[in-house]
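This report goes through a protein model for someone who has not seen it before.

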Amino acid sequence: MQIAFITLRRRVPNLLKEIVLLPRSAWRTVELDVPTRMYRTPRYYEQAVTLAGRRFRQMYIQDLGHEEPTILLTNQRRTSPKALITRYAQRMLIENALSDAVRFFHMNALSSAVGLKVDFDMTLLVVASGLYRLLAERMRGYGDAQARQIFRDLVAMPATITVTEKEVEVSFHRRSHLPIILASGMMEQPVAIPWWNGHKLRLTTYNSPAEPPTA
């Protein structure tokens, strides 16, 4: 059908054994033009394989961010290895985002007899995901973190909440990830909340000599 594709092969034992037995000289290194990516210089080995009576192009890829090698299969014979690996790396970002939406935001649980309900739930999911990304950009070392890690390290933190006539103060208790929040510049910066009739939200640290219970 002349449809160009890139897919992955299962890491079956015989393929993993073949990869382990490859000499170091068989591998080539390529630099990916993705400035924001952590793993930019993967190694690859390319060969032709026959599957179901047809010839395909197969690539073993190491140092792409996985503990085990990636086995890439494609029918694109003229595309450069660099372009193929870059395209797959871009697809990984989409897959990771979908995985995050399913595992943390429960996108796979959207079901209703009313179509409007599903559309509204999806809108909230997109908004929540965007807010997590904005939060991550302000936190050192969390630019590429997934939402569940951001929630575990930076959101689900014990705190004391004090409500006054003018503001709501959230005082975080001491915790290992608190310095990251302190370095973000969000502390002691009151933010007026429109639906609180102009009342402000203030983030602070707990300064009492006696540490409150974390429960």
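## Contacts of Leu154

Leaving aside neighbours within four places in sequence, Leu154 is in contact (heavy atoms within 4.5 Å) with Met139, Tyr142, His177, Ile180 and Ile181.

The model is predicted: local features need pLDDT of at least 70, side-chain atom pairs count only at pLDDT 80 or more, and totals for chains, interfaces and linings use all residues. Residues are numbered from 1 along each chain as its sequence is written, and side-chain values use heavy atoms, with hydrogens and water left out.

## Nonpolar cores

A nonpolar core is a set of buried Ala, Val, Leu, Ile, Met, Phe, Trp, Tyr and Cys residues joined through side-chain atoms within 4.5 Å. Buried means under 20% relative accessible area, exposed over 50%, and partly exposed in between, with a 1.4 Å probe and protein chains only. The largest nonpolar core has 20 residues, of which Tyr142, Ile150, Leu154 and Phe172 touch the most other members. At least two residues of this core come from each of H3, helix H4 (147-155), strand S7 (167-172) and helix H5 (178-183). Helices (H or I, at least four residues) and strands (E, at least two) are DSSP runs, numbered from the N terminus.

Another core, of 14 residues, lies apart from it; Leu32, Leu72, Ala89 and Met92 are among them. In soluble globular proteins, nonpolar side chains tend to be buried together.

## The five-stranded sheet

Five strands form an open sheet in the order S1-S5-S4-S3-S2, with antiparallel pairing. Strand S1 (6-8) and strand S2 (28-29) stand at the edges with a single partner strand each, so one side of each is left without a neighbour in the sheet.

Two strands pair if DSSP finds at least two bridges between them. S2 and strand S3 (residues 43-51) run antiparallel and are joined by two bridges. Arg28 has Tyr44 in S3 as its bridge partner.

## Two loop residues with positive phi

Asp63 is not a glycine, yet has a positive phi of about 60 degrees. Asp63 sits in the loop between strand S4 (54-62) and strand S5 (70-74), and is partly exposed at 39% relative accessible area.

Asn197, also not a glycine, has a positive phi of about 55 degrees. The loop between strand S8 (191-192) and strand S9 (200-205) holds Asn197, which counts as exposed at 73% relative accessibility.

## Position of Leu134

Leu134 is placed in helix H3 (residues 115-138).
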